[in-house]
Amino acid sequence: MPKIVPDKLEPGMKLLKPVKNRSGMVLLGEGTELTAELIERVRDMDADSISIQGISPPSTPKEEVLSALDRRFKSIEEEPYMGVIKRVLKEHIEGLYG
């Protein structure tokens, strides 16, 4: 199930899944149409990603994308912060595929 980061949200998009806080309380329900005001609230919630209706999944298989990520970081992931950057990118990629 594709997800996007809050910075990519645009007015008129609809939520595929509810947006919940860390304790599981629903803050915005499934099917809610986003407005500029709601997008600002979502961004303030510190959410990692949001499931939006109508976004098609990436065309490249997830395993292929993760393999390319491993190749790119193979020689540098032991350097300061590179392991953290790789982990964040891996989580983002996995979020895109749901």
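Which residues does isoleucine 52 touch, not counting residues up to four places away in sequence? Here's the list: Pro2, Ile4, Leu9, Met13, Lys14, Leu15, Leu16 and Leu34. Keep in mind that you're looking at a predicted model. Its chain has 98 residues, with three helices and four strands.

**The overall picture**

- Reading from the N terminus, the elements go β-β-β-α-β-α-α, so going by the helix and strand definition the chain starts with strands and ends with helices.
- The C-alpha trace spans about 45 × 30 × 25 Å along its principal axes.
- Of the chain's residues, 21% count as buried.
- Take the contacts with a separation of 6 or more: 57% of them link residues 24 or more positions apart.

**The nonpolar core**

- In soluble globular proteins, nonpolar side chains tend to be buried together.
- In this chain, the largest nonpolar core is made of twelve residues.
- Its members are Ile4, Leu9, Met13, Leu15, Val19, Leu28, Leu34, Leu38, Ile39, Val42, Ile50 and Ile52.
- Helix α1, which covers residues 36–44, is the top contributor to this core, giving three residues.
- Isoleucine 52 from the opening question is one of the core residues, and its touching partners include Ile4, Leu9, Met13, Leu15 and Leu34.

**Helices α2 and α3**

- Two packed helices are described by the angle between their axes and the distance between the axes.
- For α2 (residues 62–73) and α3 (residues 82–97), the axes come within 10 Å and cross at roughly 170 degrees.
- Anything over 145 degrees counts as roughly antiparallel, and α2 and α3 are therefore roughly antiparallel to each other.
- On the α2 side, the contact is made by Lys62, Val65, Leu66, Leu69, Asp70 and Phe73.
- On the α3 side, you'll find Met82, Ile85, Lys86, Leu89, Lys90, Ile93, Glu94 and Tyr97.
- Sorted by class, this contact has nine nonpolar residues, five charged ones and no polar ones.

**The loop between α2 and α3**

- Tyrosine 81 sits in the loop between α2 and α3.
- What's the phi of tyrosine 81? It is positive, at about 75 degrees, although this residue is not a glycine.
- Is tyrosine 81 buried or exposed? Its relative accessibility is 65%, so tyrosine 81 counts as exposed, the cut-off for that being over 50%.

Methods:
Residues numbered from 1 in each chain as written. Predicted model: local features only at pLDDT ≥ 70, side-chain atom pairs only at ≥ 80, totals over all residues. Heavy atoms only, no water. Axes fitted to C-alpha atoms, helices over the stretch in contact; angles between N-to-C directions. Helix = DSSP H or I, 4+ residues; strand = E, 2+ residues; numbered from the N terminus. Parallel < 35°, antiparallel > 145°, perpendicular 65-115°, else oblique. Contact = heavy atoms within 4.5 Å. Nonpolar A, V, L, I, M, F, W, Y, C, P; charged D, E, K, R; others polar. Buried < 20%, exposed > 50% of the residue type's maximum accessible area, 1.4 Å probe, protein only. Core = buried A, V, L, I, M, F, W, Y, C linked by side-chain atoms within 4.5 Å.
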